[in-house]
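Here are a few exercises to work through with the model open beside you. Try each task on your own before reading its solution.

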Amino acid sequence: MSNSNHFQVIVIGGGPGGYVAAIRAAQLGLQTCVVERDKLGGVCLNWGCIPTKALLESAHVLEHLREASKFGISADNIKVNFEAVIKRSRSVADQMAKGVEFLMKKNKVTVVNGEAIFTDAKTIEVKSNTGETSSLTADYFILAVGAKNKALPFLPFDGKRVLSAREAMVEPKVIPNLAIIGAGAIGVEFADFYASMGSKVTIIEYQDHLLPNEDKEISGILERSFKKRGIEQYLSYGVETAAVSDKGVELTLLDRNSAKKEKLNFDKVIVGVGISPNTSNIGLDAIGVKLKNGFVEYLGNYRSTVDHIYAIGDCIPTPSLAHVASAEGIRAAEDISIRMGNPHHIQIQRLNYAYIPGCTYCHPEVASVGLSEDKAKAMGYEIKVGKFPFTASGRAQAQGDTTGMVKIVSEAKHGEILGAHIIGQGATELIAELTLGANMEITVRELANTIHAHPTLAEGIMESAAAVLGEAINI
């Protein structure tokens, strides 16, 4: 085998974990290769994070135009070119993918397109889309293979009536009557988008709240906002059976509290009930990489049970978020560099999984970090809670959007930030300050004493911290 087929690091998967890991490895002087079966950027950039945000931005522009008269502006004959909305979303994703290609070239990372499978612990065979195969070897591997949408056993994806997230974002026309199963971030964001575009949307969620992992009070605000927009919600309902035909989908719902059943008919269904890791059929079992429930078992610094093979992102049991995968990829690359004796002064900072921000880009936006109020109580903390509603924010009033609030959950004695929750415009940007504060162990006193510019939405953070202390000024 020629030396050109050997690398110090091979990253399998070019998503937000894989391409970031590859760049960091290359920055550290390691000869690096990325193997990707589709476009660089992975699901997140091509079929997830980025294109869905482009769709939602079109929806938000449309909603602003519909309310233009409130700002003294006439906007008549507003029309939606749905095909152009979808086309813009794809264009944004394609542009970002080209940006990742540029970064690979800039950092001298070799890119090989195709499906990888381990033939032994140091060798992978890569099969291209044209059927050609090649063998690559490496000193170290980083598994960044991501995950795929999980289907319901009795309701498989067919791309016509039963849609995954990937198919839902390239529909040719607005779906007149749409069901969404699952009210996590994926389900809620598609509900927002399609409702704005004119669909009759029904969300079905087994738990008792939208965004069930969020603070219940925050979820309640979102539920009321969605209800005002005509988005129907079946909370605490499971889907018992489904019948798919050429005319649509009939779902039998079961209320898990009352055992009441209800049959509903829809044109199409989007299923957003979670993901499953892409760890099968790549030869991991044969080389000793242990899996648990499909996820790669990992040790310190993301080493698998085979010491020179690392795993990051959605294929390990950590939060399935693009920014988490990227952070894990950087740390895996740095650990490899240290082990290879490269002359870089690296001190790896372990991720604090207790304070990972989570964002949902519906309207109103939802963002959080740390513990919810209920979880903090359940863990035995004595807590204090501070809230600041955006109805009291001058900037929010000026922008004509006062839905939501900032909520801080604090440890009572020392003022440690245990959790922070925001719902409202700009929430996904505002959460960064609270994430930094929580990770740096800033107290609510220090946060309340930090001058925030006026008028800004960020003042809500300062006021919420002051509210914990009983010192909020503007509420």
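**Exercise 1. The nonpolar cores**

How many residues does the largest nonpolar core have, and which have the most contacts inside it?

*Solution.* Keep in mind that this is a predicted model.
- Step 1: The largest nonpolar core has 53 residues, and Ile-10 and Ile-124 have the most contacts inside it.
- Step 2: Look for the main contributor. Helix α1 (residues 18-27) gives the most to this core, with 7 residues.
- Step 3: Another core lies apart from it, with 38 residues, including Phe-82, Ala-183, Val-201 and Ile-221.
- Step 4: Now list the contacts of Ile-10, leaving aside neighbours within four places in sequence. Ile-10 is in contact with Ile-124, and also with Cys-33, Val-35, Leu-136, Thr-137, Ala-138, Tyr-140, Phe-141 and Ile-142.
- Step 5: For background, nonpolar side chains in soluble globular proteins tend to be buried together.

**Exercise 2. One serine**

Is Ser-196 buried or exposed?

*Solution.* 
- Step 1: Ser-196 counts as buried because its relative accessibility is 0%, and the cut-off for buried is under 20%.
- Step 2: See what surrounds Ser-196. Not counting residues up to four places away in sequence, Ser-196 touches Ala-59, Leu-62, Glu-63, Arg-66 and Arg-229.
- Step 3: Ser-196 and Arg-445 are 249 residues apart in sequence, and their C-alpha atoms are 41 Å apart.

**Exercise 3. A pocket and its lining**

Describe the second largest pocket by its volume and its lining.

*Solution.* 
- Step 1: The volume of this pocket is about 850 Å³.
- Step 2: Its lining is made of 27 residues, and those nearest the centre are His-363, Pro-364, Glu-365, Asp-401 and Gln-425.
- Step 3: Two or more lining residues come from each of α3 (49-66), α7 (216-228) and α12 (427-439).
- Step 4: The largest share, 6 residues, comes from α3.

Terms used: Residues are numbered from 1 along each chain as its sequence is written. This is a predicted model: local features need pLDDT of at least 70, side-chain atom pairs count only at pLDDT 80 or more; totals for chains, interfaces and linings use all residues. Side-chain values use heavy atoms; hydrogens and water are left out. A nonpolar core is a set of buried Ala, Val, Leu, Ile, Met, Phe, Trp, Tyr and Cys residues joined through side-chain atoms within 4.5 Å. Buried means under 20% relative accessible area, exposed over 50%, partly exposed in between (1.4 Å probe, protein chains only). Helices (H or I, at least four residues) and strands (E, at least two) are DSSP runs, numbered from the N terminus. Contact means heavy atoms within 4.5 Å. On a 1 Å grid over the protein atoms alone, a cavity is a set of points where a 1.4 Å probe fits but cannot get out, and a pocket is an open set with protein on both sides within 12 Å along at least five of seven lines; lining residues have an atom within 4 Å of a point. Grid points are joined across faces, edges and corners, and a volume is the space filled by probe spheres set on the points.
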